[in-house]
Amino acid sequence: MKKTQHITTVLEYTSIEEFDSINQKLISKAKEATQSSYSPYSKFKVGAAILLENGEIIQGSNQENSAYPSGLCAERVAMFYANSKYPDVPVKSIAIACFNNGQFLDRPIPPCGSCRQVLLETEERHNTPMRVFLYGQKQIFEIENIKQLLPLYFEKDMLDE
Ligand code: THU
């Protein structure tokens with residue numbers, strides 16, 4: 001028997017001012033994106049902003065549907081759009097923010113498992129680490145790459161084994 005550890009390192013901040021101007025802008029774009037959320041069912045507005053290596057920022061928000069499972073999370077809306085518009089451009093980072101009951105949440109909300117899987121495949125596809133910023137009013141988390149958010153992930157190469 002061998003024991004292995006899969007470690008996630010989280011950098012915790014208390015204010016957006018602690019970031020450089022590029023990351024401050026990315027976080028504010030994620031906050032802005034929450035306002036385009038279509039979430040009449042959950043009323044939970046999620047915004048994502050993706051910084052591409054060409055400098056462009058792509059925004060997305062969660063889009064719900066009366067047939068509930070047909071809706072999609074903000075992260076995947078933004079990620080799929082970025083990949084369809086710029087299939088060959090690596091992603092540098094993603095920022096995520098949530099707005100509920102008239103305010104941004106105090107604590108950072110991490111992406112769901114399905115979104116992690118999608119983000120991870122983009123990270124692998126371009127072989128470029130995707131930094132993650134999770135915004136909360138009282139706490140902001142930074143994680144170096146998506147792999148740290150999804151240890152023991154399903155890899156596309158496994159399909160060939
Ligand atoms: N949601 C996201 O947009 N991203 C996540 O990572 C978690 C959940 C959305 C889906 C749904 O529209 C609402 O939040 C409540 O689950």
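1. The structure is a predicted model, in which local features need pLDDT of at least 70 and side-chain atom pairs count only at pLDDT 80 or more, whereas totals for chains, interfaces and linings use all residues. Residues are numbered from 1 along each chain as its sequence is written, and side-chain values use heavy atoms, with hydrogens and water left out.

2. An oxygen atom of the ligand has a polar side-chain atom of Glu64 at 2.4 Å. A backbone N or O atom of Ala74 lies 2.9 Å from an oxygen atom of the ligand. For a nitrogen atom of the ligand, a polar side-chain atom of Glu75 is found at 2.8 Å. Of the 370 Å² that the ligand exposes when taken alone, the protein buries 75%; these accessible areas come from the Shrake-Rupley method with a 1.4 Å probe, and for residues only the protein chains shown count as cover.

3. Strand 2 (residues 45-52) pairs with strand 3 (residues 57-61) in the antiparallel sense over five bridges. Strands (E, at least two residues) and helices (H or I, at least four) are DSSP runs numbered from the N terminus, and two strands pair if DSSP finds at least two bridges between them. Ala49 stands opposite Gln59 in strand 3. The hairpin of strand 2 and strand 3 has four residues between the strands, and Gly55 there takes a positive phi near 95 degrees.

4. Most residues other than glycine have a negative phi. Lys43 counts as exposed because its relative accessibility is 53%, where exposed means over 50% relative accessible area, buried under 20% and partly exposed in between (1.4 Å probe, protein chains only). Asn101 likewise has a positive phi, near 50 degrees, and is found in the loop between strand 4 (91-100) and strand 5 (103-104). With 72% relative accessibility, Asn101 is therefore classed as exposed.

5. Ser37 also belongs to the loop between helix 1 and strand 2, but it counts as buried, since its relative accessibility is 10%. A polar contact of 2.7 Å joins its side chain to that of Ser39; the term denotes a pair of N or O atoms within 3.5 Å, where within protein one must be able to donate a hydrogen and the other to accept it, and residues adjacent in sequence count only if both atoms are side-chain atoms. Neighbours within four places in sequence aside, Ser37 is in contact (heavy atoms within 4.5 Å) with Phe44, Lys45, Val46, Ser61, Asn62 and Gln63.

6. Gly136 is located in the loop between strand 6 (131-135) and strand 7 and is buried, at 0% relative accessibility. Not counting residues up to four places away in sequence, Gly136 touches Leu105, Asp106, Arg107 and Pro108.

7. Gln148 lies in the segment after strand 7 (140-143) and is buried, with a relative accessible area of 15%. Beyond its neighbours within four places in sequence, Gln148 is in contact with Ile7, Thr8, Thr9 and Ile143.
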